Amino acid sequence: MALPSARVVRILALLAVLPTAVWAGFALTQANIQTSLAHGPLIAAHDGVACVACHSKTPGTVRQQVQAQVRYVLGLRETPVDFGYAAVQSDQCLACHARPNERHPIYRFREPRFAAAVQKVEARSCLGCHSEHHPQTVTASPMVCQACHGDLLVKNDPVDVSHVTLVAQENWSSCLGCHDFHGNHAFKAPRKLAKALPENAIWAYFQGGADPYGHPKLYEGKAP
Ligand code: HEC
Ligand code: HEC
Ligand code: HEC
Ligand code: HEC
Ligand code: HEC
């Protein structure tokens, strides 16, 4: 028996995923079944944030999307369709977290001089260091500063163990003890290494624990 053609395989594959896709699109709009559909709970700080705040709707009704996908399978349309909801993007985060004082704005890292650095850490997107539906507040490594600050030289360095020394010792886990990443916490960097926040407090924070930098913050996320 001859093998089915590529197009037949694509049509069969479409028929197989359609019920799930339509169900998922429907379920995202129904509060009572939303939580069961998600991969895991939101981080505590996002309690009350609606699914659609991050999962923006794609254009068209479910019926139009199905029709467009059928056209794609039949070769009448160039690109496949995002069913119901588009991939989460930084724009959705920035709608609530835009901060004029941002120390490391993601757009800066689209410059060509950061091409090598963004291979190590995807600093052009919030999702390079954060995610959702699991407990971690920050998914990046606490050593992430290494990707960009290898030639760090602070003029009139006020710290008792200079930045040049810290870098030479590859003490990258010290950085977050004295600096937050976004510069959004209202605190002053200490000048003595002994006063730095302990590494385990930062690690626990990344895993979903208490924020060791404390309040106030200069900008709070927009309330849901
Ligand atoms: C604060 C932002 C945010 C909120 C709120 C949110 N999500 Fe998500 N969701 C994400 C991110 C980030 C991912 C990872 C996949 C991605 O990058 O698109 C994701 C992934 C998913 C996935 C897997 C999709 C896939 O393509 O793998 C489902 C299903 C999902 N979310 C459902 C929900 C539901 C249901 C709710 C409401 C209870 C919700 N989400 C609320 C950010 C969010
Ligand atoms: C509807 C508004 C809204 C959206 C959309 C949103 N957030 Fe938040 N986020 C908040 C609020 C409110 C808080 C709690 C106040 C604060 O910590 O600033 C928060 C807190 C956080 C925290 C700190 C958690 C902690 O425990 O310290 C992180 C990290 C975060 N958001 C990342 C993101 C990312 C990444 C996205 C996009 C995937 C996103 N947020 C989308 C409103 C939002
Ligand atoms: C290169 C990694 C990286 C990227 C990219 C990144 N973050 Fe963060 N983020 C961190 C780290 C590390 C922390 C913990 C230290 C701190 O609080 O600044 C953090 C903390 C936060 C917090 C809690 C503290 C605060 O500033 O209120 C929020 C909210 C947040 N990030 C939102 C975002 C959003 C929104 C984006 C995209 C516009 C983003 N982050 C991109 C690494 C990153
Ligand atoms: C993707 C590259 C990248 C990563 C990763 C990165 N930085 Fe930076 N950082 C920069 C750039 C670029 C500047 C701006 C330097 C300038 O303006 O001369 C900067 C500036 C800073 C400043 C000075 C901000 C100011 O107000 O002058 C501090 C402090 C800082 N970074 C700390 C950190 C810490 C701590 C980490 C790790 C958690 C880190 N950075 C990770 C690229 C990065
Ligand atoms: C003991 C605390 C401490 C540690 C550890 C530390 N710093 Fe600093 N850092 C400071 C202080 C204090 C300044 C002076 C400016 C200020 O007060 O913010 C500074 C300045 C800087 C600046 C320049 C800011 C500017 O305004 O020009 C950068 C960039 C920086 N640090 C990055 C890092 C990185 C990357 C690491 C990890 C290798 C690190 N720091 C470790 C305390 C610390």
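For the ligand surroundings described here, Ala, Val, Leu, Ile, Met, Phe, Trp, Tyr, Cys and Pro count as nonpolar, Asp, Glu, Lys and Arg as charged, and the others, Gly among them, as polar. A residue belongs to such a shell if its C-beta atom, placed from the backbone, lies within 6 Å of the molecule. The structure is a predicted model, in which local features need pLDDT of at least 70 and side-chain atom pairs count only at pLDDT 80 or more, while totals for chains, interfaces and linings use all residues. Residues are numbered from 1 along each chain as its sequence is written, and chains are lettered from A and ligands numbered from 1 in the order in which they are written.

Ligand 3 is surrounded by 21 residues, of which Cys 126, Cys 129, Asp 180, Phe 181 and Asn 184 are the closest. Its shell holds 12 nonpolar, 7 polar and 2 charged residues. Around ligand 4 there are 17 residues, the closest being Ala 123, Cys 145, Cys 148, Cys 175 and His 179; by class they comprise 12 nonpolar, 4 polar and 1 charged.

Ligand 2 has 23 residues around it, with Ala 45, Cys 93, Cys 96, His 130 and Gly 221 the closest. Two or more residues of this shell come from each of helix 3 (51-54) and helix 5 (90-97), and helix 5 gives the most, with 5 residues. Helices here are DSSP runs (H or I, at least four residues), and strands likewise (E, at least two), numbered from the N terminus. The shell around ligand 2 divides into 12 nonpolar, 6 polar and 5 charged residues. At least three of its residues come from each of domain 1 (6-87) and domain 2 (98-206), with bounds taken from an automatic or database domain assignment.

Turning to the chain as a whole, the secondary structure comprises 9 helices and 0 strands. Of the 224 residues, 4% are buried (20 or more other C-beta atoms within 10 Å of a residue's own; exposed means 12 or fewer, partly exposed in between, with C-beta atoms placed from the backbone). Among contacts (C-beta atoms, placed from the backbone, within 7 Å) between residues at least 6 apart in sequence, 61% join residues at least 24 apart.

Helix 4 (residues 62-73) has 12 residues and reaches 16 Å from its first C-alpha to its last, close to the expected 16 Å, a span given by 1.5 Å times one less than the number of residues. Just after helix 4, Gly 75 has a positive phi of about 85°. Thr 58, in the loop between helix 3 and helix 4, is partly exposed because it has 16 C-beta neighbours inside 10 Å. Not counting residues up to four places away in sequence, Thr 58 touches Gln 65, Asp 82, Gly 84, Tyr 85 and Ala 86.

The loop between helix 6 (115-120) and helix 7 (163-168) contains His 134, which is exposed because 12 other C-beta atoms lie within 10 Å. His 134 and Ile 43 are 91 residues apart in sequence, yet 7.0 Å apart in space, C-alpha to C-alpha.

Some backbone geometry also deserves a look. Most residues other than glycine have a negative phi, and most peptide bonds are trans. Asn 156 is exposed, with 4 other C-beta atoms within 10 Å. A cis peptide bond, with omega about 0°, joins His 215 and Pro 216.

Definitions and conventions: Contact = placed C-beta atoms within 7 Å.
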